[in-house]
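Colleague: Please take a close look at one part of this model, the packing of its helices. I would like the angles, the distances and the residues that touch.

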Amino acid sequence: MVTLNINGKDMQVDADPSTPILWALRDNLDMTGTKFGCGAALCGACTVHLNGQPIRSCVTPISAAAGAKITTIEAMQADPIGKAVQAAWVKLDVPQCGYCQSGQVMTATALLRSNKSPSDADIDAAMSGNICRCGTYQRIRAAIKDASKALA
């Protein structure tokens, strides 16, 4: 058993310490908001926050999260920045298929937490590890700018 702090709550996970956080969330805790994309930390669909920093949960073992705080997409409505990002996503109709969007929202939230007024270059750099097969990158950038203005 491994104890993980997820969205502010300690949760017991009965899994091997080498199990990726993604599979502990999805398979052991039934938290399916975090998506599996590539399994190689290349697409960003599995992005969660570990102590406030965006990480790829598909390659990060639960042993690396012991004593740390994991935040998932399920907690974004309770987070002022996450809520503003989600509101901007809806307002600007960002998702097309939507599969990558939880990872996109998690990365955008981390960006706005560290940079309240990001430039296009800042947004592009922060979001570069998140792939959207539908190509909604312009709407993603616009939504991040909208959320930034809403938080100002």
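Modeller: H4 and H5 pack with their axes 10 Å apart, at an angle of about 115 degrees. H4 passes H5 in a right-handed crossing (left-handed if the near helix is turned anticlockwise from the far one by less than a right angle, right-handed if clockwise). On the H4 side the contact is made by Asp120, Ile123, Asp124 and Met127, and on the H5 side by Ile140, Arg141, Ile144 and Lys145 (contact means heavy atoms within 4.5 Å). By class, this contact of H4 with H5 has 4 nonpolar, no polar and 4 charged residues (Ala, Val, Leu, Ile, Met, Phe, Trp, Tyr, Cys and Pro count as nonpolar, Asp, Glu, Lys and Arg as charged, and the others, Gly among them, as polar).

This is a predicted model, in which local features need pLDDT of at least 70 and side-chain atom pairs count only at pLDDT 80 or more, while totals for chains, interfaces and linings use all residues. Residues are numbered from 1 along each chain as its sequence is written, and side-chain values use heavy atoms, with hydrogens and water left out. Helices (H or I, at least four residues) and strands (E, at least two) are DSSP runs numbered from the N terminus. Axes are lines fitted to C-alpha atoms, for helices over the stretch in contact, and angles run from 0 to 180 degrees between N-to-C directions.

H4 (residues 120–127) also packs with H3 (residues 101–114): their axes come within 10 Å and cross at roughly 130 degrees. H3 is therefore oblique to H4 (under 35 degrees counts as roughly parallel, over 145 as roughly antiparallel, 65 to 115 as roughly perpendicular and the rest as oblique). The crossing of H3 past H4 is right-handed. Here Gln104, Thr107, Ala108 and Leu111 in H3 meet Asp122, Ile123, Ala126 and Met127 in H4. The residues in contact are 5 nonpolar, 2 polar and 1 charged.

H5 (residues 137–151) in turn packs with H2 (residues 80–91), at an angle of about 130 degrees and with the axes 8 Å apart. That angle makes H2 oblique to H5. H2 and H5 cross in a right-handed way. From H2, Pro80, Ile81, Ala84, Val85, Ala88, Trp89 and Lys91 meet Ile140, Ala143, Ile144, Asp146, Ala147 and Leu151 in H5. This contact divides into 11 nonpolar, no polar and 2 charged residues.
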